[in-house]
Amino acid sequence: MRVLLIEDHKPLVRALRRGLEEEGFAVDTALDGEEGAYKAQTADYDVIILDLMLPKEDGLSLLQRWRRAGMKSHVLVLTARSGIDDKVRGLNLGADDYLTKPFELEELLARLRALVRRGHQVKDPVVRVHDLEIDTASRSVKRGGQSVHLTPREYALLEFLAFHRGKVVTRSMIWEHLYDEHDESTSNVVDVYIRYLRNKIDKAFDLPLILTRWGEGYMLRGDES
């Protein structure tokens, strides 16, 4: 999933970006409120991680402006402030969750995954599609009861298809949600990763789950497909 991290502390930005990318997230970054505001308007992010204490424009002002404009992306607020008033104000202005610094990366990852599931109206962390099981908490996959090893990028693609199961997703939708602003992959990379997934998910089974809709895109077989 694609995340925008708006944080002005460069060492924390580097650490969080590395940790999130290792978990398969596509991460864009901004070091101040002005840059964050611009990037939030130019891409469709699954979650925005927003520090409250920012140069040029503070996080609460950004949040209020975004919600008034109808922006739907989930926002997770980061704050070094321990006072309950700031947390309450952030939630009242439209934040979906918050973390107080310092925090553990594992907690941030768990909260991000929960927000992504909420965005797709999925409450159970285990997504089941026929005999395929995708555990979004542990990021593990089984088909027919057998474990399937996927790279972080392969897993991210499968999870994206699963959250839209039964519906066609275009190559541009996949690209927008799985690749960040610095990715220099070629235009056929989506097709390449679909092929990788098919070799791991479908090859040993009679019923293919990853389907192609020619001229449209790809889909994960739904209950009625």
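1. Start with one residue pair. Val141 stands opposite Val148, a residue of β9. The strands behind this pair are β8, residues 140-143, and β9, which are antiparallel and share three bridges. Keep in mind throughout that this is a predicted model.

2. Now place that pair of strands in its sheet. β8 and β9 belong to an open sheet of four strands. The order is β6-β7-β8-β9, and the pairing is antiparallel. From one strand to the next, the twist averages 25°.

3. Which strands stand at the edges of this sheet, each with a single partner strand? They are β6 (126-129) and β9 (146-148). Each has a single partner, so one side of each has no neighbour in the sheet.

4. A helix packs on this sheet. It is α6, residues 152-163. Helix α6 touches β6, β7 (132-135) and β8. The direction of α6 makes about 110° with that of β7.

5. Turn to the sheet with parallel pairing. It is open and has five strands, in the order β2-β1-β3-β4-β5. Its edge strands are β2 (26-30) and β5 (97-100), and each of them pairs on one side only. Here the twist averages 20° from one strand to the next.

6. Look at the β5 end of that order. Strand β4, residues 74-79, runs parallel to β5, and four bridges join the two. Thr79 stands opposite Thr100, which lies in β5.

7. At the β2 end, check the helix. Helix α2, residues 33-42, lies across β1 (2-6), β2 and β3 (47-51). The angle between α2 and β2 is about 140°.

8. Next, the largest pocket. Its volume is about 320 Å³. How many residues line the largest pocket, and which lie nearest its centre? The lining has 19 residues. Nearest the centre are Asp44, Tyr45, Asp46, His120 and His177.

9. Two helices deserve a look here. α5 (105-119) and α7 (171-178) are the elements that give two or more residues to the lining of the largest pocket.

10. Finally, the make-up of that lining. Nine of its residues are nonpolar, six are polar and four are charged. When viewing the pocket, begin with the residues nearest its centre, among them Asp44 and His177. Then follow the lining out to α5 and α7.

Notes. Residues are numbered from 1 along each chain as its sequence is written. This is a predicted model: local features need pLDDT of at least 70, side-chain atom pairs count only at pLDDT 80 or more; totals for chains, interfaces and linings use all residues. Side-chain values use heavy atoms; hydrogens and water are left out. On a 1 Å grid over the protein atoms alone, a cavity is a set of points where a 1.4 Å probe fits but cannot get out, and a pocket is an open set with protein on both sides within 12 Å along at least five of seven lines; lining residues have an atom within 4 Å of a point. Grid points are joined across faces, edges and corners, and a volume is the space filled by probe spheres set on the points. Ala, Val, Leu, Ile, Met, Phe, Trp, Tyr, Cys and Pro count as nonpolar, Asp, Glu, Lys and Arg as charged, and the others, Gly among them, as polar. Two strands pair if DSSP finds at least two bridges between them. Axes are lines fitted to C-alpha atoms, for helices over the stretch in contact, and angles run from 0 to 180 degrees between N-to-C directions. Contact means heavy atoms within 4.5 Å.
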